[in-house]
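Student: I would like to go through this structure step by step. Can we begin with the terms and then work through the chains?

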Amino acid sequence: MYKFVMNLKGSLPALILQTLSFGSSHGYEIASRIKRQSEGVLDFKEGTLYPALHTLERDGLVSSHEEIENGRTRRYYKLTEKGTKMLVKERAEWTRYSNAIGGILKGAS
Amino acid sequence: MSNIFTLEQWLQIATKDLTPEAVVSIRKEITDHVKTTLEYQTNAGLSQVEAEKLAVRLLGDPMVFLQRARKTYLTKSEDKRLKQLYSPLKIGKLYYFLFFLYNIFVFLNLWHNSFPRFNPYTFNLLCYANLSIPYLLSDKISIKFRGKFWLLYQFVSLILTIIILLANIIRTNIESIRIDEKPDYFLVIFTLFIIIGILSFMFYFYYPIFRKLFMKAKI
């Protein structure tokens, strides 16, 4: 029997942007929020979060700053204006895509 | 697979071949991430050893991380290639040597012939080249700035090459036969200029590769 595997890799940037729309956050918190909000369905390897975060930062979609917390330097990420616009686009794109898939799976024409 | 690694082993595999700057940045964040996981897991009742194993396992396969990291961060070899582009190494040295020869012959031409006969475009390029070289050679100027400057430099060189070529074609048509007792280094200057022009043009073949590297270097 086939087992369908959801590919999270392509959706991870959008999920990060959505998570950051609630406010600035550090890597661990972003990973935890995604897992918690998806009720464990989107269980990804936490290490992969950082290359994705840094790519978003390079593209100007998120910005980062360091804060000292309990004597530890921690990097916080926040959504930029460009990132907010991208998130709106991504949401619309995802809704269109999921409606199309949903329509097919429900057997609607 | 990854639960057999300690954090240090995981980091060594995950950052292999990346530039020291990328390694420092990744190490800092991943270590902080693992420390936070450890805190949560030990508070939840796991032992320190178990929590550490879990924290590293949750990071995933370090080879997969490295695969993705290579697309995001500069590798050592890419960094070397970028430095070759921005610094006078190999082809760059040849480029500046040709410019050096070019300068000598342009000045010889200027010495033996009067200003009005001298091609003003060639003189402009000479000034431009001499003014810009210190910027490209200086290590004190950031790689980002040198990168942008280099792109502009190549573009202007190419445009000036075309202008001078056209100007010289027009001049040759006007003065098709010219008898001059004074030495004229026009042919040497022209040949050197063509070679420099070709080198500038060659740059555009590699531009897509360098652009990709330049984007990665922004991190």
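Tutor: Two strands pair if DSSP finds at least two bridges between them. Helices (H or I, at least four residues) and strands (E, at least two) are DSSP runs, numbered from the N terminus. This is a predicted model, in which local features need pLDDT of at least 70, side-chain atom pairs count only at pLDDT 80 or more, and totals for chains, interfaces and linings use all residues. Residues are numbered from 1 along each chain as its sequence is written, while chains are lettered from A and ligands numbered from 1 in the order in which they are written.

Student: Which order do the elements of chain A follow from the N terminus on?

Tutor: Chain A has four helices and three strands. From the N terminus on, they run α-β-α-α-β-β-α.

Student: What is the order of the strands in the open sheet of chain A?

Tutor: The sheet has three strands with antiparallel pairing. β1 (25–26) and β2 (62–69) of chain A each have a single partner strand, so they stand at the edges and one side of each is left without a neighbour in the sheet. The order is β1-β3-β2.

Student: Which residue in β3(A) stands opposite A:Ser25?

Tutor: β1(A) pairs with β3 (residues 72–79) of chain A in the antiparallel sense, over two bridges. A:His26 stands opposite A:Tyr76 in β3(A). Opposite A:Ser25 stands A:Tyr77.

Student: How many bridges join β2(A) to β3(A)?

Tutor: β2(A) and β3(A) form a hairpin with two residues between them, and A:Asn70 in the turn has a positive phi of about 50°. One bridge partner in β3(A) is A:Thr73, which belongs to A:Ile68. The two strands run antiparallel, and the bridges that join them number eight.

Student: Which strands of chain A does helix α3 (residues 49–58) of chain A touch?

Tutor: Contact here means that the C-beta atoms of two residues, placed from the backbone, lie within 7 Å. Axes are lines fitted to C-alpha atoms, for helices over the stretch in contact, and angles run from 0 to 180 degrees between N-to-C directions. The direction of the helix makes about 120° with that of β2(A). The helix packs on the sheet and touches β2 and β3.

Student: Over which residues of chain A does pLDDT stay under 50?

Tutor: pLDDT is the predictor's confidence in each residue, from 0 to 100. Chain A averages 85, and 89% of the residues score at least 70. The stretch under 50 has zero contacts beyond four places in sequence in the model, and it covers residues 1–6.

Student: Is B:Val49 buried or exposed?

Tutor: B:Val49 lies in helix α3 (residues 48–59) of chain B. A residue is buried if 20 or more other C-beta atoms, placed from the backbone, lie within 10 Å of its own, exposed if 12 or fewer, and partly exposed in between. B:Val49 has 8 such atoms within 10 Å, so the residue is exposed.

Student: Which element gives the most residues to the side of chain B that touches chain A?

Tutor: On this side, 18 residues of chain B are in contact with 14 residues of chain A. The elements that give two or more residues are α2 (20–43), α3 and α4 (62–72) of chain B. With seven residues, the one that gives the most is α2(B).
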